[in-house]
Amino acid sequence: MSDSSTTISIVTHHRLKNQAETQDCISKLLQLQRSVLSPDSDVPDELLYGRAGYLFALLYVNKEIGPDTVDEATITKVVTAILESGKNLSKEEKKTERCPLLYEWHKKQYVGAAHGLAGIYFTLMQPIAKVNPDILNELVRPSIDYVRHKKFRSGNYPSSLSNETDRLVHWCHGAPGVIHMLLMAHKVFKEEKYLKDAVECGEVIWQRGLLRKGYGICHGTAGNGYAFLALYKATQEKKYLYRACKFAEWCLDYGTHGCRIPDRPYSLFEGMAGAIHFLSDISQPEASCFPAFEL
């Protein structure tokens, strides 16, 4: 059982008041620590399959069930493992001064939310993770600024640090994922430069974010629409709610745009489930939440 299905089982059993099953699933989730924390394991650090995703799972359980469901010491160990991994790669790549926390997946230093730096930094900045403010200031903030300086003239971001092609505008690769990191950085560090860059991301998504690749949240129009909901919550500017609604209109015409059929057509990240989640969130934008990413 993966950490994502285990996490869903925990919350489902909790809401059904199945206490024994809830505790059993929590135990299974915590047993995954061994491979997550081992420096010799092949577990990556990214959000979808790695340590940042495991950290999200622990934080989500605490948010849904109670703040002490997963003890703070366990969360701190996972945070430390992510930080140490990032520091080690940065040192190997001789980037300690410029980017104190550096990560790679399949030998590439990805930038986006799914597999890259933006998703990891975003998760580390979650208030519920209780990362020490000094660590955020000394390690996370300069690393975010390093990513900011990789921005294309268009306002979009590369899929990886080695890629100079301004092509992808997806949550997984490009501005629609990086925008969440920037908005969280603005919330945590109170610097306007992060909001300014996030607004630029919003313009890129408005111009280029209706995707024929699909309607999902990973690399589809629904995922890009969540960027406008995030901007609306951060600024209260109605134009972002309007833009989110226009992207929702596109999703309501599901299947009429010649988009390719996803490998997993009903799944949360690739398929119909994610699009439905986005459409549901449009009706209550203040409470909207990108699933398995925002808390």
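This briefing covers the overall build of the protein and its aromatic rings. The model is predicted: local features need pLDDT of at least 70, side-chain atom pairs count only at pLDDT 80 or more, and totals for chains, interfaces and linings use all residues. Residues are numbered from 1 along each chain as its sequence is written, and side-chain values use heavy atoms, without hydrogens and water.

**Overall build**
- The protein has 12 helices and zero strands (DSSP runs: H or I of at least four residues for helices, E of at least two for strands).
- Its radius of gyration is 18 Å, close to the 19 Å that the globule rule gives for 295 residues, so the protein is as compact as a globular protein of that length (taken over C-alpha atoms; the rule is 2.2 Å times the number of residues to the power 0.38).
- The C-alpha atoms fill a box of roughly 50 × 45 × 35 Å along the principal axes.

**Burial**
- Buried residues make up 54% of the 295 residues.
- Buried means under 20% relative accessible area, exposed over 50%, and partly exposed in between (1.4 Å probe, protein chains only).

**Aromatic rings**
- The structure holds 17 aromatic pairs.
- Rings of Phe, Tyr and Trp (its six-membered ring) pair if their centres lie within 6.5 Å; planes under 30 degrees apart count as stacked, over 60 as edge-to-face and the rest as tilted.
- Trp206 and Phe247 are stacked, at 6.1 Å centre to centre and 20° between the planes.
- Trp206 lies in helix α9 (residues 192-208) and Phe247 in helix α11 (residues 238-252), so the pair ties together parts that are 41 residues apart in sequence.
- Trp206 is partly exposed at 31% relative accessibility, whereas Phe247 is buried at 1%.
- Ring pairs also link a cluster of Phe122, Trp171, Tyr226, Phe269, Phe278, Phe290 and Phe293.
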